[in-house]
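Colleague: I am new to this structure. Please take a close look at one helix pairing, and then follow whatever leads on from there.

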Amino acid sequence: MLEGLETVPWADLQHAYGPATDVPDLLRELLDPDPGVRSNTLRTLYSNVFHQGTRFPAAPYVVPFLIEMCASLSVPDRGDLLRYWGSLITGYFNVRERPCWGDGERVYMCGQIQEAIADDDDWEWYSAALHAIYRESLKGHALLCDLLADQDSAVRAGAAWVLACLPTNAEASVPRLEAQLSDESSEWVRAAIAFALGELGATAPLRRILAADSSAVPRCMAACQLARIDPTDDLIEPLLYFVSQPIEWYDQVPGAGGKSTGDAAFSISLLPPEVQRQAVPAICDRLDQARSFDTMPLVQALFSAAFPRRNEPVSELTDLQRQVLTRMVNTEEL
């Protein structure tokens with residue numbers, strides 16, 4: 001296991017704090033029998049090779065070793081390793097945040113192709129790292145499909161998450177995700193699969209999840225993903241329900257942007273403007289109960305509903321705008 005670590009020129013590769021000479025030992029420590037050591041090590045890798053969303057030149061060289069470890073049943077915490085692998089591909093990525101990734105030719109940020117920045121050394125190494133991470137990750141696609149049937153539910157959810165991070169393989173991934181969905185007993189894994197299906201553009205299975213799944217967890221995720229890829233008026237009813245009915249532990253699902261109420265409110269802001277306005281009373285009621293950063297997606301949804309984008313300044317408030325601003329001013333947490 002990890003015999004190839006010494007063949008990588010780590011001293012010539014950079015992470016956030018300089019030469020990546022500490023990375024080989026960190027990767028070995030992911031196999032330590034002490035859970036505390038493994039947890040601290042992964043936290044370190046989230047701060048150096050991956051630093052606040054930036055992927056450094058050492059990151060592509062980590063991916064093959066993650067694939068090797070995830071393929072071994074004897075390796076602990078494979079679900080956590082899969083989550084880290086996906087983060088290397090896309091950066092911060094969930095219902096509310098679009099990925100930053102490279103497909104080998106183009107770099108995508110916030111759902112848009114990012115134009116190359118001429119004569120910019122930082123852009124050159126950063127885009128090269130993103131492309132290399134993606135190419136190395138594609139080599140693990142077959143493994144990820146096999147891991148969808150792993151005995152460990154965290155591994156199954158993690159595999160779905162990484163497949164969501166590889167959209168160029170959607171044609172091969174979607175049938176495997178759908179097949180696992182029909183047999184999957186864990187509501188949390190079904191929710192992770194729903195996130196992946198949404199990122200890979202599979203509308204039909206998401207509609208089936210929303211209509212028939214017995215658990216609110218995958219239904220909420222399906223509704224949120226449909227609001228992004230197929231925003232129809234009929235989604236307002238389930239999304240309003242999920243704004244008003246928090247789902248415990250939903251935020252642990254790979255792809256969740258935070259609490260279920262926040263993801264649902266954010267997703268309402270993706271619906272047609274006239275439909276968004278129907279949600280204002282329910283979102284205002286939820287705002288009274290939200291705390292700290294949980295208020296942010298609710299405020300975003302309220303502004304989206306009451307203040308459509310326009311080029312000219314607002315000279316007079318509508319009744320709806322006045323209602324929204326009044327509720328916000330009177331919300332103590334804000």
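**Helix contacts and aromatic rings**

Modeller: From helix 3, the residues Ala59, Val62, Val63, Leu66, Ile67, Met69 and Cys70 meet Arg78, Leu81, Leu82, Tyr84, Trp85 and Leu88 of helix 4 (contact: heavy atoms within 4.5 Å; helices: DSSP runs of H or I, at least four residues, numbered from the N terminus). By class, this contact has 12 nonpolar, no polar and 1 charged residues (nonpolar: Ala, Val, Leu, Ile, Met, Phe, Trp, Tyr, Cys and Pro; charged: Asp, Glu, Lys and Arg; polar: the others). The model is predicted, so local features need pLDDT of at least 70 and side-chain atom pairs pLDDT 80 or more, while totals for chains, interfaces and linings use all residues. Residues are numbered from 1 along each chain as its sequence is written, and side-chain values use heavy atoms, without hydrogens or water.

The structure holds 13 aromatic pairs (Phe, Tyr or Trp rings, six-membered for Trp, with centres within 6.5 Å). Among them is the pair of Trp125 and Tyr126, which is edge-to-face at 5.8 Å centre to centre, with 80 degrees between the planes (edge-to-face: over 60 degrees). Trp125 is partly exposed, at 27% relative accessible area, whereas Tyr126 is buried, at 12% (buried: under 20%; exposed: over 50%; partly exposed: in between; 1.4 Å probe, protein chains only). Phe303 and Phe307 form another edge-to-face pair, with 5.9 Å between centres and 65 degrees between planes. Phe303, at 35% relative accessibility, counts as partly exposed, and so does Phe307, at 23%.

Helix 8 (residues 170–183) and helix 9 (residues 187–199) have axes that come within 10 Å and cross at roughly 155 degrees. That makes helix 8 roughly antiparallel to helix 9, and helix 8 passes helix 9 in a left-handed crossing. Val174, Leu177, Glu178, Gln180 and Leu181 of helix 8 make the contact with Arg190, Ile193, Ala196 and Leu197 of helix 9. This contact has 6 nonpolar, 1 polar and 2 charged residues.

Notes
Axes fitted to C-alpha atoms, helices over the stretch in contact; angles between N-to-C directions. Helix = DSSP H or I, 4+ residues; strand = E, 2+ residues; numbered from the N terminus. Parallel < 35°, antiparallel > 145°, perpendicular 65-115°, else oblique. Left-handed = near helix turned anticlockwise from the far one by under 90°. Phe/Tyr/Trp six-rings, centres within 6.5 Å; stacked < 30°, edge-to-face > 60°.
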